[in-house]
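Good morning, and thank you for coming.

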Number of protein chains: 2
Amino acid sequence: MRDLDETDRQIIRLLLEDARRPYSDLADRVGLSAPAVSDRVDRLREIGVIRSFTLDLDRSLLDGGTPVLVDLDVPVARAGEMRNALAELDRVEHVFQTADGRLLVRALVDGDDVTGLLADAIDLDEIRRVDVDLLVEERWTPTIGDAGLALTCVECGNTVTSEGESLLIDDERYHFCCGSCSSNFEERFDRIQRNA
Amino acid sequence: MRDLDETDRQIIRLLLEDARRPYSDLADRVGLSAPAVSDRVDRLREIGVIRSFTLDLDRSLLDGGTPVLVDLDVPVARAGEMRNALAELDRVEHVFQTADGRLLVRALVDGDDVTGLLADAIDLDEIRRVDVDLLVEERWTPTIGDAGLALTCVECGNTVTSEGESLLIDDERYHFCCGSCSSNFEERFDRIQRNA
DNA sequence: ATTGAAATCGGCCTAGC
DNA sequence: GCTAGGCCGATTTCAAT
C-alpha cells in the first residue's frame with residue numbers, strides 16, 4: 001500500500017473545497033489526466049481516507065431544535081460502544097470520544113429534554129456525569145496539512161508499510177501489515193462467523 | 001423566499017449520503033426532472049443552507065499530529081472573536097462556542113504543545129481555564145430531520161417568511177423579511193463603506 | 001439539444017525483482 | 001526480461017444546462 005503523496009493531498013484539499021469538482025478540473029490542477037485522478041480518488045475511498053462525499057450545511061438557518069453540547073463521563077471500557085450508539089441517533093451530529101472516557105456530543109433537542117434524547121441510545125445508569133451547554137456558534141474548517149497515512153495492523157499492531165494490504169468485511173475496512181496477518185485475520189473471522 | 005419543502009429535504013438527505021450523486025439520479029428519486037433538481041440545489045446554495053460540497057475524511061488514518069480536544073473558559077464578551085481566531089488556525093478543525101463562554105476546540109498538536117498552538121491565535125491571559133483531552137475517535141453523522149428554514153431579518157429581527165429576500169455582500173449572505181428592510185440595510189451599508 | 005463530464009479499455013512507460 | 005502499477009488518450013455512454 002502506497003503512502004499519500006503530495007498529489008493525493010492536493011486532490012483531497014480541492015475536494016474538501018468542492019466535492020463536486022469535475023475530475024477533468026482536478027486533473028488540470030494537479031497535472032494528471034482525468035482517469036488518473038479518478039483512480040486516485042477510488043483508491044482514497046478504498047483505503048478509507050475519504051469516508052464519503054457530503055455536504056457542509058449551515059445549521060443556524062434550520063429550525064430543527066436547540067443545538068446543545070452534551071459533555072458525558074462514561075466508563076472507559078464502554079465509551080466506544082456508547083459513542084457508536086449516540087452517533088446513530090438522528091439528532092446527534094458529532095460525537096468526540098476522548099482517551100479518558102469522555103464523550104462530547106453535538107445534538108439538537110426539543111425544549112430541554114436532553115435526558116430523553118440520551119436514553120434512546122444508552123443506559124443512563126452508566127453515565128457518571130452530564131453537563132449540557134447551549135451552543136451559540138460553531139466553525140468547521142477542515143484541512144489536511146501534509147499528513148501521510150498512519151495505519152496500524154489490526155492483527156499484530158505493527159505499522160502498515162508499503163507491503164500492507166487491506167480487506168473489506170461487512171462494510172468495515174481492516175488494514176494489515178502483511179499477507180499472513182491478513183489471512184490469519186480472515187480465517188479467524190470466518191470461523192467466528194460460522195459458529196455464530 | 002420559499003421555505004424548504006419535503007423535496008428539498010430529500011435532496012439534502014441524498015446529497016449528505018453522497019454529494020457526487022448525479023442530478024439525474026436525484027431527479028428519479030424525488031420525482032422531478034434533472035434541471036428542476038439542479039435549480040433547487042442552486043437555490044439551497046444561494047440561501048446558504050448548503051454551504052459547500054465537501055468530504056468526510058477519516059482522520060484516524062492520517063498522521064498529521066495528535067488529535068486533541070481543548071476545552072477553554074473565556075470571557076463571554078470575547079468568546080466570538082476568540083472563536084474566529086482559533087478557527088483560522090490550520091491545525092484547528094472544529095470550534096464550538098457555548099452560551100456561557102466555553103470554547104471546545106478540535107485540533108492537531110505536535111508533541112504536547114497545546115499552549116503554543118493557542119498562543120498563535122489568542123492572548124493566553126484571557127483564558128480562565130484550559131483542559132486538554134486526547135481524542136481517540138470521532139463520528140460525524142449529519143442529518144436534517146424535518147427542519148424548515150429559520151431565518152431572522154438582520155435589519156429588524158423579525159422572522160423571514162415567504163415575502164423575504166436576501167442579499168449577497170462581500171461573500172456574506174444577509175436575509176431580510178421584506179424589501180424595505182433589505183434596501184435600508186443596503187443603503188446603510190453603502191454609506192458606511194463610502195466613509196471608510 | 002448541445003455541450004461537457006464520467007467510465008472504460010488498450011497500450012505505454014517505469015520500477016523493482 | 002518480466003511483472004505490476006500508474007498513467008494516458010480515445011471512445012462511448014451518460015449527465016448538465
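**The interface of chains A and B**

Let me begin with strand β3 (residues 92-98) of chain A, which is joined to β5(B) by five bridges, the two running antiparallel. Strands here are DSSP runs (E, at least two residues), numbered from the N terminus, as are helices (H or I, at least four), and two strands pair if DSSP finds at least two bridges between them. Within this pairing, A:His94 has B:Trp140 of β5(B) as its bridge partner.

A word on the source: this is a predicted model, in which local features need pLDDT of at least 70 and side-chain atom pairs count only at pLDDT 80 or more, while totals for chains, interfaces and linings use all residues. Residues are numbered from 1 along each chain as its sequence is written, chains are lettered from A in the order in which they are written, and side-chain values use heavy atoms, with hydrogens and water left out.

Turning to extent, 66 residues of chain B are in contact (heavy atoms within 4.5 Å) with 66 residues of chain A. Together the chains bury about 6500 Å², 53% of it on carbon and sulfur atoms; this is the accessible area (1.4 Å probe) lost on being put together, summed over both. In chain B, the residues losing the most area to chain A are B:Arg20, B:Leu55 and B:Arg139, together 13% of what that side buries.

Finally, the rule finds nine salt bridges across the interface, each a side-chain nitrogen of Lys or Arg within 4 Å of a carboxyl oxygen of Asp or Glu. A:Arg102 and B:Asp133 form a salt bridge at 2.5 Å, N to O.

Terms used
Buried area = accessible area lost by both parts, 1.4 Å probe.
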